[in-house]
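Hi,

Here is the structure I promised to pass on.

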Amino acid sequence: AAGRLDRVTWAAAGARRTFHFSLDRCSPPGHIAWAVGPFKATPMAFPSKPLTTVMMDSGDAGSVPESAVLTQLAPLEWSSATGGRAKRAEEGPPPLSAAAAVPPVAAHDTSLGGASEHSAATLPLLFALCEEALGCKFAYPALHQVYLPVEAAAEPSAVGAGIHLLSSDVLVYRRTIDQAIEARRHMAAAVAKQWFGVLMRPRTPADAWLVTGLAGWLEGWAVKTFQGQTELAYQRWRERQAIFALDDGCAPPLCPRGGGGAWGQLLGTEVLDPSPLASLKATAVIGMLERKAGEDMFRKVVCHLVFQAFKQTPEEELAAGGGARLLGTAEFLKQVGSAGGFRREVQAFAQRWVYGRGCPHLTAAFTYNKKGNNIEMAVRQSGSVAALRGAERSVSASGDASSVALLRVILRELDGREMHTMTVGAAPVSLERLKVATRPSAWGRRPRRKRQPNDDLEALDEQDKMMTRVPVYYVVVDPAEEWLAPVRLQQPLVMWANQLQKGKEVIEQAAAAAALAHLPLTVSGAWALREAVANDKLYCGVRADAAVAVAMTAGQSHNRNGLQLLLDLHDELTASTPEGGPRPHAFSDLSDYFVLQGIARAVALVRDRRGRSPDGAVDALLSWLKHADNAGNAWDDSALTAARLEALATLRPASPQAVRRVVKVLQQHLSREAVVPTVGSVVGRAAVTALARLSVNCGDIHVIAPRVLSVVARFQRLPAQLALRQAAHQAALTLATAAEGGGALVAAALNAVDLEPSPQLRPAILHDAVRFLSSCGPLKGSPATQSAQQQQQQQKPQPNPQLQLHMHPEGTVINGQQLAVMATAAVAVNGASAVPAAAGAPATHAASAGGGEALPGGQAGPAAEQGKGDGAATLMQRLTALAVSVNEGPSLRHTAFMLLQAAAGQPATLFRETDDQDFLPAGGPAASAETGRRPAVSGAGAPSGAPSGDSGRARSRKGGGGG
């Protein structure tokens, strides 16, 4: 449990035992966690290297006191299932970087016991790294890391005061590669939350983004140490692409302001949002602040805040109402701005990226002026209405557009990289002249690489011809990622090829590979992509992206066969035997291992002129799966097999015979998964997902869907593993959406929630339904809604005045927010019986599909029969009952409300932008970002400084902060 064990007492003649724990620091109820069961404790050896740092308050260097006691606890039954020597913690985990060439030859144990012993080697290293990064020791005397069976864990990772409750999916298995990397990242995130989440807490729920972003920043230190700076930069680049895809301007800002009293407009539901957008965006904005202030200055500010919170006593914390342990947005931005020398720009930065919504879209183009030897750059700013409004407020907050919204541009010239800046305020178009340092006469005498016998002379001639017109190798816009905005740069294909070959930063190379995938391929482009995929000095992620670019352009008219190029590269990496067959897997170079996964995805994307997959692509993927031989390999190849199975999902076979061949292979792997499950069910998940997507993309979905559903249904229930059940539920939702539309999607999601026993999986099902519903729109127009409207016109039942559904004349358009309020009122009038007792006992729908009957409290029949004939009104009633049920967890109820909003055609959030976004509630940030004054506005809600889920903190403090 969280805290220190003080004593154990016995009662009832020795039949009952009570463990008494205490905490040395004040902790909210949400940070008190415990686990009950027979566990085996494994003390973890802490690195012997002492931690030496500079204390920020005094400037005196000294040795940090002895660190906390680290203990890992795993179920006793796991340790009894395996034997053998446990690896010492001092040895650490095996290296997982791309440069690792020697895998552990004795690591063949994939049991839970061996994985728990192997995981014990990772936590001490992560723990010491965080202490060194922050210059401060752990706030609690001990840290317990408890592993639970996946079915017993409410979430994959739960962090309390000095305790981690982790699912068995987060175990580090010795033979795995992908799973071990993800498990270490989960552990790094849990350790980071001990400092930013437990020790440091948000001052108000609106400040939760700050704690989340700082935890992501600290997690990045672990990634950089374990896998290198290049891996961290590429990971952050991929996260930014995910933000651009998810943020359409409707999501709430990082720090909502206005309304809701001290709890803010979202009423503390920030912590319940299952979408990764908020956490990804918070980490990205913190990274922008770090680059703006400088890495050393930013770290100094963060270390100072952590140390001030660490040395605060419980008595001082109680007297100050939280004191140094509470982080506020305005105060933090002010300190970072002062340390980084951009204090005047902090308000503008906050208005756009912290208080604003959406991401602007930047489109840049240029032309070369030979007479003036400069490049005339034009940048167009577009995006959602919310993003453009944020740009206007940013300029208004600063009062001078020239001091904010500076966009950096790099010109890669003959003599090196030249940095330029241009101002991009709120104007839709910005123009700037960028001086080229290299003289045209010097450019003609530039040194040229000696041509090799295997060089493409036509490609080199095309490149030389282009360079005589523009004396710049390539142009990079926003190289340091100081803007959270996708940049579409229009530059010649030859310059993109130069950026891919000559770029020194991994994000430049990744951007070039992504751009080449969407351009008409020429000789120089094909030559550059071929060289990139085969170049083992490039980062493996960039090589995989280049392979995808080859596939995206393979069907266009040029003299390069993209498919054959990919197949040749695959044969080179796998080093076929002299007889022509594939060699058994070795994975001696992990960089090639990840490139093989990228090649599999790329081969599946190749299309002919008809938009179909060539027979050679289908044959290659099926052959790789059939002849995969992992005998004698020290590493597990399940992730590679899963990548090839996922590639089958993107195929467009040209004949029914090819479709049957692919389906047969998928069913074979599903049958094998049922007998011999892989780690995390990675192969089974890939096969189920591929089977559903292939059914949607090929053939008549109304004919295929019932047969595929019968296969998928086997894995939607126990004894299938939780990860496999989640993939099966997603596959069922995919088929329901493609076959019947939004109404069938919501009905299938509700039926799956009724049948699913896992508290971890039930909210995930509804969240998947929210994502799928965004692609097909609200329930209006779906077949289920049309039948409900016709039935309403024929029967016209009398609505219940206690719960009335407002019908729009043009169709069934229901205000989900009003419906939730009316449902709550109906529950208050009719009593608790108006709401189902549990998700496993849904309400009986006695009313017609279009009627407005109150929710009765009887038991229903099988869940499989409930979705049949359900109209929009009935589905809304079921969602409302789930959202207001007092017997369900907050995550499930909040996700049900999000689905209710999405089904009604509204944003799936409580946030609604008001006319006056400068309004701040009482108990909010200490100072307004616009005026610097504390707003004197009274509001109801929780006391100032109480974070979400902190309503009972006074009781825990009254007991001396104990648990």
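This is a predicted model: local features need pLDDT of at least 70, side-chain atom pairs count only at pLDDT 80 or more; totals for chains, interfaces and linings use all residues.

Let's begin with a pair of strands: β14 (residues 406-413) and β15 run antiparallel and are joined by eight bridges. Strands here are DSSP runs of E with at least two residues, helices are runs of H or I with at least four, and both are numbered from the N terminus. Two strands count as paired if DSSP finds at least two bridges between them.

Residues are numbered from 1 along each chain as its sequence is written, and side-chain values use heavy atoms, with hydrogens and water left out.

**The sheet**

β14 also pairs with β17, again in the antiparallel sense, over four bridges. In β17, Val476 is the bridge partner of Ile410. Put together, that gives an open sheet of three strands in the order β15-β14-β17. β15 (416-423) and β17 (474-477) are the edge strands, each pairing on one side only. From one strand to the next, the twist averages 20 degrees.

Look at the side chains of β17: Tyr474 and Val476 point one way, Val475 and Val477 point the other way, and all are buried. Buried means under 20% relative accessible area, exposed means over 50%, and partly exposed is in between (1.4 Å probe, protein chains only).

**His420**

This one sits in strand β15. Is His420 buried or exposed? Its relative accessible area is 15%, so His420 is buried. Leaving aside neighbours within four places in sequence, His420 is in contact (heavy atoms within 4.5 Å) with Leu407, Arg408, Val409, Leu411, Leu434 and Lys435. Its C-alpha atom is 9.8 Å from that of Glu432, which is twelve residues away along the chain.

Next, α24 (residues 682-697) and α25: their axes come within 9 Å and cross at roughly 170 degrees. Axes are lines fitted to C-alpha atoms, for helices over the stretch in contact, and angles run from 0 to 180 degrees between N-to-C directions. α24 and α25 are therefore roughly antiparallel to each other; the cut-offs are under 35 degrees for roughly parallel, over 145 for roughly antiparallel, 65 to 115 for roughly perpendicular, and oblique for the rest. Leu691, Ser695 and Val696 of α24 meet Ile701, Ile704, Val708 and Val711 of α25. By type, the residues of this contact are six nonpolar, one polar and no charged. (Nonpolar covers Ala, Val, Leu, Ile, Met, Phe, Trp, Tyr, Cys and Pro; charged covers Asp, Glu, Lys and Arg; the others, Gly among them, are polar.)

α25 (residues 701-712) also packs with α26 (residues 722-740), where the axes come within 10 Å and cross at roughly 165 degrees. α25 and α26 are therefore roughly antiparallel too. On the α25 side the contact is made by Ile701, His702, Ala705, Val708, Leu709 and Val712, and on the α26 side by Ala728, Ala731, Ala732, Leu735, Ala738, Ala739 and Glu740. Eleven of these contact residues are nonpolar, one is polar and one is charged.

**The whole chain**

The protein chain has 34 helices and 18 strands. Of its 963 residues, 54% count as buried.

Cheers
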